[in-house]
Each structure stands twice: as C-alpha cells, then as structure tokens.
Amino acid sequence: MRWIVDGMNVIGSRPDGWWKDRQRAMVVLAERLDQWADAQREAVTVVFERPPSTPIRSSLIEVTYAPKAAANSADDEIVRLVRADPRPGEIRVVTSDRALTERVQCLGASVVRAEGFRDLIDPRDAKRGGRHAD
C-alpha cells in the first residue's frame, strides 16, 4: 500500500496552534510520518504546497512540494502522483478535502480522512484532545 498525504490538510485537522509556526508543524508531521512508516512498513509521500525555508529531509518517507505554490497546488500534485502511478487502486490518499477526494477516487485511489489518520500517526494527541506535548 502506498500512502499520499495532503500535508497541510492533516496539519490543519487539529487546532493545536500550528499556524503560529507553519514550518515547525511541517517538520513535526514529517517526523511523525517517518515513525509511523517505519513501524507500519508503509510507503509514504507527503505533499506540501511550498517548501519551508529549511528543507525537510527524510530517509523513510518522500517529502514533495507542488511545482508552484498556489491555491490547490498540493491537490493538483497529489492528483498528478495518483494519475502517474501504474496501480492507483493500491494508493490511499489522506485528506478531508471533498474536491480532492472526488478527484482521486475517480482515478481509483481510496481516501482516508485526515482526522482519523492523524489519530493513527499520533495516538497520544488523540487521547489528549489534540494538544501536543512539545
């Protein structure tokens, strides 16, 4: 199974103050995805609209960005990734965006809601109502 994660959609699924430091939120999400991908032995790509000022690096997950930062550009990149995959039926896209959900489902991918996925990658947050310990 391959997972393609709508990064900012997952980050925005909890009002935990992420907007105060968007770059840190992106780094934290990548770290949690690394840990989850390692434990689950899953292939994960996270897509953001634009790169942060300091690049996010990972040896376990693929961190990618839309070619041009604009409204819905991450969605367009996710659709491009699904369309380019020879087995879209083996892809799970993580998003709560209705329009993106429809677009990728038409291509054969399945969708997991961002809120539920966030509980999978960080269950301690779910138990505390979404507040981070860090």
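How many bridges join strand β2 to β3? Select residues 43–48, which form β2: 4 bridges join this strand to β3, and the two run parallel. Helices (H or I, at least four residues) and strands (E, at least two) are DSSP runs, numbered from the N terminus. Two strands count as paired if DSSP finds at least two bridges between them.

Before going further, note that this is a predicted model, in which local features need pLDDT of at least 70 and side-chain atom pairs count only at pLDDT 80 or more, while totals for chains, interfaces and linings use all residues. Residues are numbered from 1 along each chain as its sequence is written, and side-chain values use heavy atoms, with hydrogens and water left out.

In general, strands of a sheet pair through backbone hydrogen bonds, either parallel or antiparallel.

**Helix α2**

The 19 residues of α2 should span 27 Å at 1.5 Å a residue, and the end C-alpha atoms are 27 Å apart, which agrees. The expected span is 1.5 Å times one less than the number of residues in the helix.

Colour α2 by accessibility. Its buried residues are Ala25, Met26, Val28, Leu29, Ala30, Arg32, Leu33, Asp34, Trp36 and Ala37. Buried means under 20% relative accessible area, exposed over 50%, and partly exposed in between (1.4 Å probe, protein chains only). Valine 27, also found in α2, is partly exposed because its relative accessible area is 29%. The C-alpha atoms of valine 27 and threonine 54 are separated by 9.5 Å, although these residues are 27 residues apart along the chain. Just after α2, arginine 41 takes a positive phi of about 55 degrees.

Move to tryptophan 18, in the loop between α1 (7–11) and α2. What does tryptophan 18 touch, not counting residues up to four places away in sequence? The residues touched are Met8, Ile11, Gly12 and Ala25, where contact means heavy atoms within 4.5 Å.

**Salt bridges**

The structure holds 9 salt bridges, each defined as a side-chain nitrogen of Lys or Arg within 4 Å of a carboxyl oxygen of Asp or Glu. Select arginine 32 and aspartate 122, whose side chains meet in one of them (2.8 Å, N to O). The pair links distant parts of the chain, 90 residues apart: arginine 32 is in helix α2, and aspartate 122 is in the loop between α5 (114–121) and α6 (123–127). Are these two residues buried or exposed? Arginine 32 is buried, with a relative accessible area of 7%, and aspartate 122 is buried at 3%.

Then select aspartate 76 and arginine 103, which form a salt bridge of 2.9 Å, N to O. Aspartate 76 lies in helix α3 (residues 73–84) and arginine 103 in helix α4 (residues 98–106), so the pair ties together parts that are 27 residues apart in sequence. Aspartate 76 is partly exposed at 39% relative accessible area, and arginine 103 is partly exposed at 35%.

A further salt bridge joins arginine 87 to glutamate 90, with the closest N and O atoms 3.0 Å apart. Arginine 87 is partly exposed, at 49%, and glutamate 90 is partly exposed, at 38%.

**Confidence**

Finally, colour the chain by pLDDT, the predictor's confidence in each residue, from 0 to 100. The protein chain averages 90, and 91% of the residues score at least 70. Select residues 126–134, where the pLDDT is below 50; beyond near neighbours in sequence, this stretch has 17 contacts in the model.
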